[in-house]
Amino acid sequence: MSAETPASREVPKENRFKVWRQTRPFWAGLFTLLGGLPIAYLPYGDMRLGNVTLAMKTTAGAGALIIGVLLITLGLTMWFQPIVRVFAGVATIVLGLVSIPVSNFGGLVIGFLFALVGGGMSIAWAPAPPVEEAVEAEDDGEPEASAEAGAVLTAGLPEQRGPEHHATDKTIDANGGRNSAG
């Protein structure tokens with residue numbers, strides 16, 4: 001495969017990102033990434049207001065950096081490994097909660113809120129059901145019923161009595177006195 005060969009021939013170029021985004025918890029990963037950035041940056045960053053330098057350095061800077069990097073990693077994991085979305089969502093929420101005491105109130109509450117929203121969205125996301133192709137009918141507009149489809153439909157149903165057996169209030173099917181509960 002060369003660099004000129006498209007990755008997916010079925011999807012037009014302008015729709016590839018849209019299809020990729022719809023098959024994974026994209027927004028959950030984005031919120032988690034955005035939550036990890038302030039948590040990791042604020043303990044090390046300086047902000048200048050005119051001649052005044054505001055330093056947010058804390059003694060727990062290494063812990064905040066680890067939490068921020070883990071949140072960024074979990075956001076990327078949600079994008080590229082959507083099968084582990086529930087684990088990544090729970091881990092994101094736990095790390096967001098841990099960031100409150102460790103990282104300047106969770107990155108001044110901004111990173112904490114982004115992490116909680118991203119983790120919740122990751123847990124709640126579910127892949128869309130596969131789209132089945134419509135079976136075209138021959139003449140009457142209804143799909144043909146195959147023997148396999150009929151077997152699948154009746155596999156979970158209990159045995160049905162024929163039309164010749166009519167139960168009324170006065171008939172009792174004792175079945176020889178045995179219980180037939182299952």
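**Confidence.** I looked first at pLDDT by element in this predicted model. Helix α7 (residues 147–155) has the lowest mean pLDDT among the elements of the protein chain, 53, while helix α6 (residues 110–124) has the highest, 93. I then checked residues 134–138, where the pLDDT is below 50; beyond near neighbours in sequence, this stretch has 4 contacts in the model. Where pLDDT is low, the predicted coordinates should not be read in detail. For the protein chain, I noted an average pLDDT of 75, with 63% of the residues scoring at least 70.

**Fold.** I listed the secondary structure next. The protein chain contains 7 helices and 2 strands. I read the order from the N terminus as α-α-β-β-α-α-α-α-α. Turning to contacts with a separation of 6 or more, I found that 66% of them join residues 24 or more positions apart.

**Burial and surface.** I recorded that 25% of the 182 residues of the protein chain count as buried. The accessible surface of the protein chain is about 13,500 Å², and carbon and sulfur atoms account for 63% of that area.

**Thr32.** I asked which residues Thr32 is in contact with, leaving aside its neighbours within four places in sequence. The contacts are Leu71, Leu74, Gly75, Met78, Thr92, Phe114, Gly118 and Gly119. Thr32 itself lies in helix α2 (residues 26–41).

**Nonpolar patch.** I looked up a nonpolar surface patch of about 360 Å². Val86, Val90, Val94, Val98 and Ile123 make this patch. Helix α4 (residues 85–102) supplies the largest share, 4 residues. I examined one of the patch residues, Val90, which lies in helix α4. Val90 has 42% relative accessibility and therefore counts as partly exposed.

**Val109.** I checked where Val109 is placed and found this residue in the loop between α5 (104–108) and α6. The phi of Val109 is near 65 degrees, a positive value in a residue other than glycine. Most residues other than glycine have a negative phi. I also noted the accessibility: at 40% relative accessibility, Val109 counts as partly exposed, since that class lies between the limits of 20% and 50%.

Notes
Residues are numbered from 1 along each chain as its sequence is written. This is a predicted model: local features need pLDDT of at least 70, side-chain atom pairs count only at pLDDT 80 or more; totals for chains, interfaces and linings use all residues. Side-chain values use heavy atoms; hydrogens and water are left out. Buried means under 20% relative accessible area, exposed over 50%, partly exposed in between (1.4 Å probe, protein chains only). Contact means heavy atoms within 4.5 Å. Accessible areas come from the Shrake-Rupley method with a 1.4 Å probe; for residues, only the protein chains shown count as cover. Patches are made of residues with over 30% relative accessible area and no salt bridge: like charges are joined within 9 Å, nonpolar side chains (Val, Leu, Ile, Met, Phe, Trp, Tyr) within 5 Å. A salt bridge is a side-chain nitrogen of Lys or Arg within 4 Å of a carboxyl oxygen of Asp or Glu. pLDDT is the predictor's confidence in each residue, from 0 to 100.
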